[in-house]
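These are my notes from looking through one chain.

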Amino acid sequence: MAIMDVMENGTSGSKSKECDESSGIFSVILTICSLLLVLATLPFSLLYTVKVVQEYERAVIFRLGRLISGGAKGPGVFFIIPCVDIYEKIDMRSQTFEIPPQEVNL
């Protein structure tokens, strides 16, 4: 039966090639509570939820420690959910370093 699945679907058994990244019930509840808190304090919470990334930067967003789908965000404006999302800015500019010449010891 497993050989037939491989031949028909290209997968072995019932597992697919995609990783199962479904959120648990606790993750959904925590996200909803955080969104309700943002809506309750809306004018003040915009300072913490709206982030801007420059042209030479990208933002990688983690929701409860997991990378959210879509990859890196930017450049531009994006929203994060306080207490649930953590973001890291990545500088895409190339950096040069001055390396001093070395002496040859024989």
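**Entry 1: Phe-78**

I began with Phe-78, which is buried at a relative accessible area of 7%. By the cut-offs I used, buried means under 20% relative accessible area, exposed means over 50%, and partly exposed lies in between, with a 1.4 Å probe and protein chains only. Phe-78 sits in strand S4, residues 76-79. Helices (H or I, at least four residues) and strands (E, at least two) are DSSP runs here, numbered from the N terminus.

I then listed what Phe-78 touches, leaving aside neighbours within four places in sequence: Thr-49, Val-50, Lys-51, Val-53, Ala-59, Ile-61, Lys-73 and Tyr-87. Contact means heavy atoms within 4.5 Å. For Ala-59 I also looked up the C-alpha to C-alpha distance to Phe-78, which is 9.0 Å across 19 residues of sequence.

**Entry 2: basis and confidence**

I noted that this is a predicted model, in which local features need pLDDT of at least 70 and side-chain atom pairs count only at pLDDT 80 or more, while totals for chains, interfaces and linings use all residues. Residues are numbered from 1 along each chain as its sequence is written, and side-chain values use heavy atoms, with hydrogens and water left out.

The pLDDT, the predictor's confidence in each residue on a scale from 0 to 100, averages 77 over the chain, and 78% of the residues score at least 70. Where is confidence lowest and where is it highest? The lowest mean, 41, belongs to helix H1 (residues 2-9), and the highest, 90, to S5. I marked residues 1-20 as a stretch with pLDDT below 50; beyond near neighbours in sequence, this stretch has seven contacts in the model.

**Entry 3: the chain as a whole**

I counted three helices and five strands in the secondary structure. Along the sequence they follow the pattern α-α-α-β-β-β-β-β. Of the 106 residues in the chain, 18% are buried. I also checked contacts between residues at least 6 apart in sequence: 61% of them join residues at least 24 apart.

**Entry 4: the sheet**

Which strands form the open sheet, and in what order? I read three strands in the order S3-S2-S5, with antiparallel pairing. Two strands pair if DSSP finds at least two bridges between them. The edge strands, each pairing on one side only, are S3 (66-67) and S5 (85-91).

I followed S2, residues 57-63, to each partner. Two bridges join S2 to S3, and seven bridges join S2 to S5. Arg-63 stands opposite Arg-66 in S3 and opposite Asp-85 in S5.

**Entry 5: helices H2 and H3**

Two packed helices are described by the angle between their axes and the distance between the axes. I took the axes as lines fitted to C-alpha atoms, for helices over the stretch in contact, with angles from 0 to 180 degrees between N-to-C directions. The axes of H2 (residues 25-40) and H3 (residues 42-49) come within 6 Å and cross at roughly 120 degrees. That makes H2 oblique to H3; angles under 35 degrees count as roughly parallel, over 145 as roughly antiparallel, 65 to 115 as roughly perpendicular and the rest as oblique.

On the H2 side I found Val-38, Leu-39 and Ala-40, which meet Leu-42, Ser-45 and Thr-49 in H3. By class, the residues of this contact are four nonpolar, two polar and no charged. Ala, Val, Leu, Ile, Met, Phe, Trp, Tyr, Cys and Pro count as nonpolar, Asp, Glu, Lys and Arg as charged, and the others, Gly among them, as polar.

**Entry 6: backbone in the loops**

I looked up Leu-64 in the loop between S2 and S3. This hairpin has two residues between the strands, and Leu-64 takes a positive phi near 55 degrees. Leu-64 is partly exposed, at 38% relative accessible area.

Cys-83, in the loop between S4 and S5, has a positive phi near 70 degrees and is likewise a residue other than glycine. Is Cys-83 buried or exposed? Cys-83 is exposed, with a relative accessible area of 71%.

Last, I checked Pro-75 in the loop between S3 and S4. The peptide bond from Gly-74 to Pro-75 is cis, with omega near -5 degrees.
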